[in-house]
Protein chains: 2
Amino acid sequence: MAFTPATEKLIQALQALPGVGVRSAQRMALQLLEREPETGQRLSSALSDALTLVHKCPQCRTLTEDDLCGVCANPDRDASVICVVASDVDRAGIEMSAAFQGRYFVLHGVLSPIDGIGPETLGLVELVELARSGEVSEIMLALDDRLESEATVHFIKEQFKESGLTVTRVPFHQMKSGALDQADSRVIEQALTQKQTLGFEHD
Amino acid sequence: MAFTPATEKLIQALQALPGVGVRSAQRMALQLLEREPETGQRLSSALSDALTLVHKCPQCRTLTEDDLCGVCANPDRDASVICVVASDVDRAGIEMSAAFQGRYFVLHGVLSPIDGIGPETLGLVELVELARSGEVSEIMLALDDRLESEATVHFIKEQFKESGLTVTRVPFHQMKSGALDQADSRVIEQALTQKQTLGFEHD
């Protein structure tokens, strides 16, 4: 073995981060152990703090440190529209634009059977339950147009076929899900005004 | 603020890793919090274990979990030659080639005043002390030929000007320091046989 057992274990743990291969993981581990133990300590406690404090809002799955997220806890928000986003980053982007007054539902992913991401992982049962609460009249999908996102849009639309709710879609085709916080607020605002109602084919 | 305070702190801590920008750090943090808390827990404990268990060998600065590293603790190793490397990865590469029977000294970097890496950070005082121990007759430099490495070679050579020790250099010009574990063992073996003695200009 080239490194000590604890070093090897650290290299393996770092490799589980997205975009980190074995070489980067080695470089990271050695930099922390050789020269920057304080950086390592800081990361270790930031990780354990975040994992303890941060959880999904039981209503909309936004990451929060409170019982309910700020939007769900705010009685002034419009409870009739739920904006469905793929990631907390997208929710943050739309929220920063201040152009949306409704509530959110965060999928934390899109359907991807190959990665084992099915409807349960995305909380779609909870979404349907939330929509049944009575106050909700519109499900607004803010997803990009990648193949998996399209399949997710289709699947969600089908869930609301007999519900009497309106399902709309915001034209975020130019923007990638998971990157809406980088988009210009005016672009987000304009996309929101251009949402389209999705029709159901009735058999 | 787009994310919760503990999430923001985690994103900042991840950005301190080499090669991780703000976007990658966000992606990493959200992936851990949204979908892979076990990965995060594992990384947090791997970090704190490694930082507690792993330290530099007091004699040669190799990362070890024991009082002395395996090479320094092994009485069968040739104590007359010290191979100086820039990183623990290079030590591991040479060790895996099984072509070197002497001992090591790991700098954990090369001279880089702009990054605040001076002779003390590299442990050069300890190297000179170790070389004075009597058993040592040769300092073998296994560094690449980048500008900072060349300056480091020159600086170390000067430290041994009046010492009576032989200072040699292994021709690792084709290989980058910090990547010797990727080199073919035969290439390392051959480079070791082609080491050259560095002369001193006597004033």
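This section describes the two chains of a predicted model, their fold and the interface between them. Local features are reported at pLDDT of at least 70 and side-chain atom pairs only at pLDDT 80 or more, whereas totals for chains, interfaces and linings use all residues. Residues are numbered from 1 along each chain as its sequence is written, chains are lettered from A in the order in which they are written, and side-chain values use heavy atoms, with hydrogens and water left out.

Chain A contains seven helices and seven strands, where helices (H or I, at least four residues) and strands (E, at least two) are DSSP runs numbered from the N terminus. Along the sequence of chain A these elements follow the pattern α-α-α-β-β-β-α-β-α-β-α-β-α-β. An automatic or database domain assignment divides chain A into domain 1 (5-53) and domain 2 (56-197), and the centres of these two domains, taken over C-alpha atoms, are separated by 33 Å. The C-alpha trace of chain A spans about 65 × 35 × 30 Å along its principal axes.

Between the chains, 55 residues of chain A are in contact with 55 residues of chain B, contact being defined as heavy atoms within 4.5 Å. The size of an interface is often given as the accessible area lost when the parts come together. Chain A and chain B bury about 4,700 Å² between them, 69% of it on carbon and sulfur atoms; this buried area is the accessible area (1.4 Å probe) that two parts lose on being put together, summed over both. In chain A, the residues that lose the most area to chain B are A:Pro18, A:Glu34 and A:Leu51, which together account for 13% of what that side buries.

The side of chain A that touches chain B draws at least two residues from each of α1 (5-15), α2 (22-34), α3 (37-53), β2 (63-64) and α4 (88-97), and α3(A) gives the most, with 13 residues. By residue class, this side divides into 28 nonpolar, 15 polar and twelve charged residues, with Ala, Val, Leu, Ile, Met, Phe, Trp, Tyr, Cys and Pro counted as nonpolar, Asp, Glu, Lys and Arg as charged, and the others, Gly among them, as polar. The count of salt bridges between chain A and chain B is zero, a salt bridge being a side-chain nitrogen of Lys or Arg within 4 Å of a carboxyl oxygen of Asp or Glu.

Chain A is superposed on chain B by a rotation of 180 degrees with 0.0 Å of shift along its axis (RMSD 0.1 Å), which is the relation of a two-fold axis. The superposition is by least squares on the C-alpha atoms of residues with pLDDT of at least 70 in both copies. Of the residues of chain A, A:Ser44 comes closest to the rotation axis, at 2.3 Å (C-alpha). Because 100% of the interface residues of chain A are also interface residues in chain B, the copies meet through the same surface.
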